[in-house]
Amino acid sequence: MIDKRLFRLPGTKQLLLVLAGLTLLQAFVVLFQGKYLAEALVNSWNQKALQTIITPMTFFAIAFILRHLLNLINNKIVENYASKTSENIRSKLLDRVYDVGPSLLSEKGTGNIVTASLDGIDLIENYFKLIFTKLMNMTFIPPILLIYIYTQNIASGITLTIIVPLVILFMIILGLAAQSKADAQYHQYTILSNHFLDALRGLPTLKMLGLSKRYAKNIYTVSDEYRRRTMNTLRIAILSTFALDWLTTLGIAILAVFLGLGLINGSLPLFPALVTLILAPEYFLPLRDFSSDYHATLDGKNALSSIFSILEKDKQENSDNDLQKLTWDQNSSLTVKDMIFNYADGQNNHDASLDIKDIQLHGYQHIGVIGKSGSGKTTLIRTLGGFLNPDKADIKVNDQSINSLKQRSWQDELAFLPQSPYLFSGTIAENIAFYKPSATEKEIEYASEKSGLKDFISTLPDGYKSIIGEGGRGISGGQQQRIMIARAFLANERRILIFDEPTAHLDIETEYALKKTMKELFENHLVIFATHRLHWIKEMDYVIVMDNGKIAEQGTPDSLYDHNGAFSQLINNMRGDQI
Amino acid sequence: MKVFKHDTWVKPYIKKYKGLLVSVLLLGLLTSFCAAALMFTSGYTIDKAATQPVNILLIYVPILLTRAFGIGRPTFKYIERLKSHNWVLKVTSNLRTRLYKTLESDASFFNEHHKSGDIMGLLSEDINHLQNLYLRTVFPTVIAYLLTLLGSLALGIYTPAFGIFVFLLLVIEVVVVPFVSVAIERNRKERQKQLKSSLYTKLTDNILGVDDWIISGRFNDFKNLSAKNVKELNSSKDKSKSFRRNRDFVLQLIFAAIAICFLVFTNLTMTDNQEQANFVAAVVLSLFPLSDTLIPVSQGFEEWPQYRDSIERLNKIQPVSDQLPEQIELAPNDFKSLDLNDVNFEYSSDSPILIKHFTQNIKRGEKLALLGPSGIGKTTILQLILGDLVPQSGEIKINDIDIQAIQNSRDKIFSVLNQKPFLFNTSVINNVRLGNENRSDADVIEAIERVGLKDLIESLPDKYNTNVGENGARFSGGEQERIALARILLQDAPIVLLDEPTVGLDPITENNLLDTFFNVLNDKTIIWVTHHLQGIKYVDQVVFMNDEKIEMQGSPKELYQKNTHFQELYKMDQGL
């Protein structure tokens, strides 16, 4: 129920101390509330006049109000803590994304991280709120009330003491039974509950297959089956709440009977009996609160531990400031020797791990990286871009030795053009100026002219200020790539261009039109270009052929064409039969 | 409450399963009653016992009742929870069926909406929200109101003035405060929703765009992107929380006032003789358990705005009435040709005309490839051919029958395979069998063999019963296409529409897949929308569209020999 890592969060210990004090106070106020209520009632029972109950009644009212005031303060403190701490966790999560982002994303899935950073944080906040208050109430209120009840009537004290372990025992037994039943059904359960969404999303397909009308009946049948199963599980799942309820109310009933018998015997005056009866529900209240909202607590706990696992995942030891500031030019060189990169187990990679013997790049070379899908092209490109840290590598930039390209000064020289560009929500101008937010309007216009965007932008009603990205205007794949190209044109001082299959999704005519622009961008840049579109090879002066994470062949295109090696075979396979 | 004026998603269902609904409310009421009665009888037991009656039998009945109510409360509560869930889930089955049927009636819904995010996910969530509306707002509120009425009535019978007085206090507690708090919080909640959705966008920008952030080195901008938004959202949420805390405090104050009234009232009116005084504790103590029923009403009201959105969204979806002409049955074997004559189409009168004077004649068995830049309307042409869209002018005919006249039996004539074929979250064999549910297992397996998946699937532990996972995630893109192709083979319609089935696949997978497509679909008529020229040799006709007209058309060989632009494109595609 409680994650130990919670206590390591900043401010938690102070919070617990403050809460402990407040709750202790609250326990006494609850006690007084009961005590004075009982006093007032005893006086009324003795048929005394209204004046005699005014004092106890006033004290009762004060205690009652104080109790809820303390509760208010308690909530305020916990809520502030919860919101601050969960915000802090979100901020750390974002730092983490930035630090080890890409490999983290490929492991956990982007959707999961977005959900974790939004809904996950809300769940955690709620969890903090529930767990601390309930925990404190459980710790302080029942014992204090119990001690008082013992002083009033030992038999009642014993009765109340015995019921609690009984409640817990029942809840554990029933909880376990429910759990095992739920676990057994869980798999089918999720399928059934997602069935409806599956059917809605598949509706066009059902229509094409001529099944959509008949399928409506299926929706009802499956949904009703889901209802039947839910009810079966629920019957057991809420048994534990039932047991708690049953034992606590029955406890009160038994108590009343005992007290009644004691009173008849004359062994007990009315006041202790009444105060015990009044305090008994208060005694059980924290326990009942603790067990309600169990699911919210559980969800919060799971969200928290999943975020903790992200935050604690192998911290990178490499500093990203090993490499001194550099300016890539004609005479610069990059040598990579004996580079090994392995994906962690369970990482959902679709690409091979790397084992690279030797790569040497220099000046404004244009290097093509080709290979079938899953050959390690993307992994290689991403290690060269510094997105992935190799397990082992001997890298030299000019004359400096480093073991990873995840270096600030290396990445300052890069422009990266991926297969599916990501457009940020904002204006076109902001997207173009992403590498260089300080760019002037003139510079942005120049870059968009160079990248062939100008005509397109002039057709937009808001021109450069048009909002794109999420929720903005839909932009075709070709225009998206042009925005990436404009970015690179604008940040012309970045002399290394890394492309990861930038035209894979484009239609042939768009690609044809784009090629001219891209060739212009290539000039005076080191170009590393992963592709499976063969025509690009002609623009390259060096080709690396990847196969199963290793370099199968490398050399100038001409030399590779000349002999029948991995390169020629790959080209033949890709090309297929001709007209 | 305007929301309910034209509502057809909540109101009608309240009437459904009326008996069950009434029993749910009754049980809820009984639960609260037993809770109060337990304290009542135990209070009385003690008071009565304190008078030390000679005969223990005098408190025998209250003791018995105390036990009965002690058992009754949890039992009724347990049954009430089960029944209410049962009722809600029954209604849910109805709502789901209805949502499905409504969407099913409107094919164009998908064309308009498939771009705007996950509308399906949203709608299915809405139905879940309605479940909570009942369980968390409607039921508790109705029960609290009934309790208020009955409780005040019971007091009123005893002392009318006091009954009315308590009633007024209770009305403040369960009616005035909840309504006022919804009114106060409404705008803030609305704003929070906007902030939250904009925060979602920003966090998505952070996370999906992380590559670009890293390369750009703009760490501070990365961190600050959502900061302002978070700050505003949190400060607004803090206000809501503070409001909620204060409101709950006020609710408790009102409750305290009621308790004091009870104390004074019992002291004034019930102390004339001991027999009456024995009821004092009973009456006062029975009040306290009721706070569990009364105080949460405001909480339930607070969730209302969220439910309102769902109700409004669901009410916006309207079934589309069938406007099809009289339907004609066309036997698949009788299909001879498909004609598009001078077809013009625009999505709406203020959007540009998308398809201009498009004419094409496709004979049985012919294979045609349709190319052109994205956004030019290639997919729209397929939708026109299917009859999902209706052209503003021109005609689309099969043999001599208008396409709109064969809609009821269109699945006998057309098969469609698109970019991301939809696989249902069930076994491979069930997915393929959807093509034709009357075929035997052997036929289904044969189709899977023909699309080249036999070896792969038989190597899996569950073989043909392997679950394909959500959206077919268990299989790669190429494999998903093959499973969908097997489905089409079973469907066995004479015309197959392929909508960029190989986009995003690597060239080797693409070559193999195209080879399989044209091999197993050899006897079909194929209209193939594609984005480049890989596999173009398989077709008889190539049609290049641009935004004005058909730019070029002919057999691939002919075009390659005569048309330089085609030649250039082809050479580029092949890397020659």
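**Reading helices and strands in a predicted model**

Me: Why are α15(A) and α16(A) called roughly parallel to each other?

Reply: In this predicted model, helix α15 (residues 477-490) of chain A and helix α16 (residues 508-522) of chain A pack at an angle of about 5°. Angles under 35 degrees count as roughly parallel, and therefore α15(A) and α16(A) are roughly parallel to each other. Their axes lie 11 Å apart.

Me: What makes up the contact of α15(A) with α16(A)?

Reply: From α15(A), the residues include Gly478(A), Ile485(A) and Phe489(A); among those they meet in α16(A) are Ala513(A), Leu514(A) and Leu521(A). The residues of this contact divide into seven nonpolar, four polar and two charged.

Me: What makes β2 and β5 of chain B edge strands?

Reply: Four strands of chain B form an open sheet in the order β2-β1-β4-β5, with antiparallel pairing. Strands β2 (355-363) and β5 (401-402) of chain B each pair on one side only.

Me: Which helix lies across β1, β2 and β4 of chain B?

Reply: Helix α15 (residues 378-386) of chain B does, running at about 120° to β1(B).

Methods
Residues are numbered from 1 along each chain as its sequence is written. Chains are lettered from A and ligands numbered from 1 in the order in which they are written. This is a predicted model: local features need pLDDT of at least 70, side-chain atom pairs count only at pLDDT 80 or more; totals for chains, interfaces and linings use all residues. Side-chain values use heavy atoms; hydrogens and water are left out. Two strands pair if DSSP finds at least two bridges between them. Helices (H or I, at least four residues) and strands (E, at least two) are DSSP runs, numbered from the N terminus. Contact means heavy atoms within 4.5 Å. Axes are lines fitted to C-alpha atoms, for helices over the stretch in contact, and angles run from 0 to 180 degrees between N-to-C directions. Angles under 35 degrees count as roughly parallel, over 145 as roughly antiparallel, 65 to 115 as roughly perpendicular and the rest as oblique. Ala, Val, Leu, Ile, Met, Phe, Trp, Tyr, Cys and Pro count as nonpolar, Asp, Glu, Lys and Arg as charged, and the others, Gly among them, as polar.
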